[in-house]
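Here is a friendly walk through one chain, written for someone meeting it for the first time. Have a look at the sequence and the structure, then read on.

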Amino acid sequence: MKLEVMPKPKQRVLEAQQREEAMEMSGLDLWKHEKPPRICPLPPSLPPPPPAFDEAALVPPLNFAVVDDGIFRSGFPGTANFRFLKSLNLRSIVYLCPEPYPGTNTEFLEKNGIRLHQFGIEGRKEPFVNIPDDKIREALKVVLDPRNQPLLIHCKRGKHRTGCVVGCLRKLQEWCLSSVLDEYHRFAAAKARITDQRFMELFDVSSLKHLTPSHC
């Protein structure tokens, strides 16, 4: 029997085709067994960071409030409140404590042309509270003088001594006693003192009527 011998060039081509088919089949089987690529979702976008504290922000003092046109009240102002006070264009400060005014506060007043009127009223607790009638009257004379306005009335917390001056001013403005005491309680809250309320109730405003400004 005679075997057919394939010419060498054709044999090489056939072998090359067989190798390519084997490689293709091997790659196909490998692909079938590979796990699909894992898709990782993008992390959620982070919220923007909070704005940095603005050192130039206007920060009012403790218990700050408007009493009337050009008349304000508060607790003791600190350095953080200076920019706010400057925005009020104050001419005067009525200070109701006996302690010396701090140097930093004094420098602020001098720099901004603000005059300090101090009436040293002791901040004692009941039953040892002594509210000096004469100092309240002198303070009111400064408050009622339009040449001193705009002005700020303040003590330590803006509750008792400041509350008494404002309460007596309200009587000059002919507020009824219940409204005067309601305003006092809004600032004094649980620290309200019977002696303060009694003082405002009995305070005689007749000697100050001639000083009553047009807005009262």
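Helices (H or I, at least four residues) and strands (E, at least two) are DSSP runs, numbered from the N terminus. With that in hand, strand 1 covers residues 65-68, and Ala65 has its place there. Before going further, a word on the source: this is a predicted model, where local features need pLDDT of at least 70, side-chain atom pairs count only at pLDDT 80 or more, and totals for chains, interfaces and linings use all residues. Residues are numbered from 1 along each chain as its sequence is written, and side-chain values use heavy atoms, with hydrogens and water left out.

**The overall layout**

The chain holds seven helices and five strands. Starting at the N terminus, the elements run α-β-β-α-β-α-β-α-β-α-α-α. Of the 216 residues in the chain, 37% are buried (buried means under 20% relative accessible area, exposed over 50%, partly exposed in between, with a 1.4 Å probe and protein chains only). Among contacts (heavy atoms within 4.5 Å) with a separation of 6 or more, 68% join residues 24 or more positions apart.

**Back to Ala65**

Ala65 counts as buried, because its relative accessibility is 18%. Leaving aside neighbours within four places in sequence, Ala65 is in contact with Phe72, Arg73 and Phe187. Phe187 is 122 residues away along the chain, yet the two C-alpha atoms are separated by 9.8 Å.

**Helices that pack together**

Two packed helices are described by the angle between their axes and the distance between the axes. Here axes are lines fitted to C-alpha atoms, for helices over the stretch in contact, and angles run from 0 to 180 degrees between N-to-C directions. Angles under 35 degrees count as roughly parallel, over 145 as roughly antiparallel, 65 to 115 as roughly perpendicular and the rest as oblique.

How do helix 4 and helix 5 pack? Helix 4 (residues 133-144) and helix 5 (residues 161-172) meet at an angle of about 65°, with their axes 10 Å apart. That makes helix 4 roughly perpendicular to helix 5. Their crossing is right-handed (right-handed if the near helix is turned clockwise from the far one by less than a right angle, left-handed if anticlockwise). On the helix 4 side, Ile136, Leu140, Val143 and Leu144 take part, and they meet Cys164, Val165, Cys168, Leu169 and Leu172 of helix 5. The residues of this contact divide into nine nonpolar, no polar and no charged (Ala, Val, Leu, Ile, Met, Phe, Trp, Tyr, Cys and Pro count as nonpolar, Asp, Glu, Lys and Arg as charged, and the others, Gly among them, as polar).

Helix 5 also has helix 7 as a partner: their axes come within 9 Å and cross at roughly 25°. Helix 5 and helix 7 are therefore roughly parallel to each other. Helix 5 contributes Gly163, Cys164, Gly167, Cys168 and Lys171, while helix 7 brings Asp196, Phe199, Met200, Glu201 and Leu202. The residues of this contact divide into five nonpolar, two polar and three charged.

**Helices with an inside and an outside**

In helix 7 (residues 194-202), Asp196, Gln197, Phe199 and Met200 are buried. They cover an arc of only 160° around the axis, which puts them on the same side of helix 7 (the arc is that of the directions from the helix axis to the C-beta atoms). The face turned away from that buried side carries the exposed residues Ile194 and Leu202. The buried residues of helix 7 pack against helix 4, helix 5 and helix 6 (177-188).

What about helix 3 (residues 103-111): which residues are buried? Asn105, Phe108 and Leu109 are. On the other side of helix 3, Glu107, Glu110 and Lys111 are exposed. The buried residues of helix 3 pack against helix 2 (82-87), strand 3 (92-95) and strand 4 (115-118).

Most residues other than glycine have a negative phi, and most peptide bonds are trans. The peptide bond from Gln149 to Pro150 is cis, with omega near 0°, and Pro150 lies in the loop between helix 4 and strand 5 (151-154). Two residues other than glycine with positive phi are listed here:

| Residue | Phi | Relative accessible area |
|---|---|---|
| Asn63 | about 60° | 23%, partly exposed |
| Glu174 | near 65° | 65%, exposed |

Asn63 lies in the loop between helix 1 (8-33) and strand 1, and Glu174 in the loop between helix 5 and helix 6.
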